[in-house]
Amino acid sequence: MRKVFLTVFYPFLMLFSCKEVKNKPANTSISMNTKSFYNLSMTSIEGEEIQYSQYKGKRVILVNTASECGYTPQYKELQKLHEQNGNKLVVLGFPANNFGAQEPGSDKEISAFCEKNYGVTFQLFKKSDVVGQNKNLVFNWLTDKAQNGWNTEEPQWNFSKYLVSEKGELIKVLSSSVSPLDEQIISGL
């Protein structure tokens, strides 16, 4: 019963409890002490180490994903975004079991699910935490003002989105309810 509540009703509660979009404040400059997004790396779902320096000059959208969530159909939109804008925008998916235990599978199961049900070809990473003490290094950067220059907001649910500019600066934080094909993501491409 708890899982049904979390799957069906929690996303609707989140609409009323968190801001849909958070933009980088206009007067915020990145300090010399801020870590570069391009210095990060992480292990892909296939086990390969991915260096983020390869994304220089492109926008990057980072999304924490889950296979059993009410927002799971956003995989289809993320794939469309990847196919239509892959030369200007990189889509990175981070499977996590942090919200409602909605990503219980192994990396192999997650990869097979995404490919079979949504034709996912964009980069997925090894299942990891995106909140809490064991948060992966990428989401640590996304949510630590000392590292990214301004943001401290962690994902509130599955399919939260973080947009990084072509210069490697975090520029937007978007809630789960914002479509990957929303104008706020694709504008300026």
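In strand E4, Arg59, Ile61, Val63 and Thr65 point one way while Val60, Leu62 and Asn64 point the other way, and all of them are buried, where buried means under 20% relative accessible area with a 1.4 Å probe and protein chains only. This is a predicted model, in which local features need pLDDT of at least 70 and side-chain atom pairs count only at pLDDT 80 or more, whereas totals for chains, interfaces and linings use all residues. Residues are numbered from 1 along each chain as its sequence is written, and side-chain values use heavy atoms, with hydrogens and water left out.

In a regular strand the side chains alternate between the two faces of the sheet. Strand E4 covers residues 59–65, and strands here are DSSP runs of E with at least two residues, while helices are runs of H or I with at least four, numbered from the N terminus.

| Partner of E4 | Sense | Bridges |
|---|---|---|
| E5 (residues 89–95) | parallel | seven bridges |
| E7 (residues 161–164) | antiparallel | four bridges |

Within these pairings, Val60 has Val90 of E5 as its bridge partner, and Leu62 stands opposite Tyr162 in E7.

Leu62 also belongs to the largest nonpolar core, which has 49 residues, and is among those with the most contacts inside it, together with Phe37, Tyr52, Leu92, Phe94 and Leu142; such a core is a set of buried Ala, Val, Leu, Ile, Met, Phe, Trp, Tyr and Cys residues joined through side-chain atoms within 4.5 Å. The largest share of this core, five residues, comes from E5.

Key. Buried < 20%, exposed > 50% of the residue type's maximum accessible area, 1.4 Å probe, protein only. Pairing = 2+ DSSP bridges.
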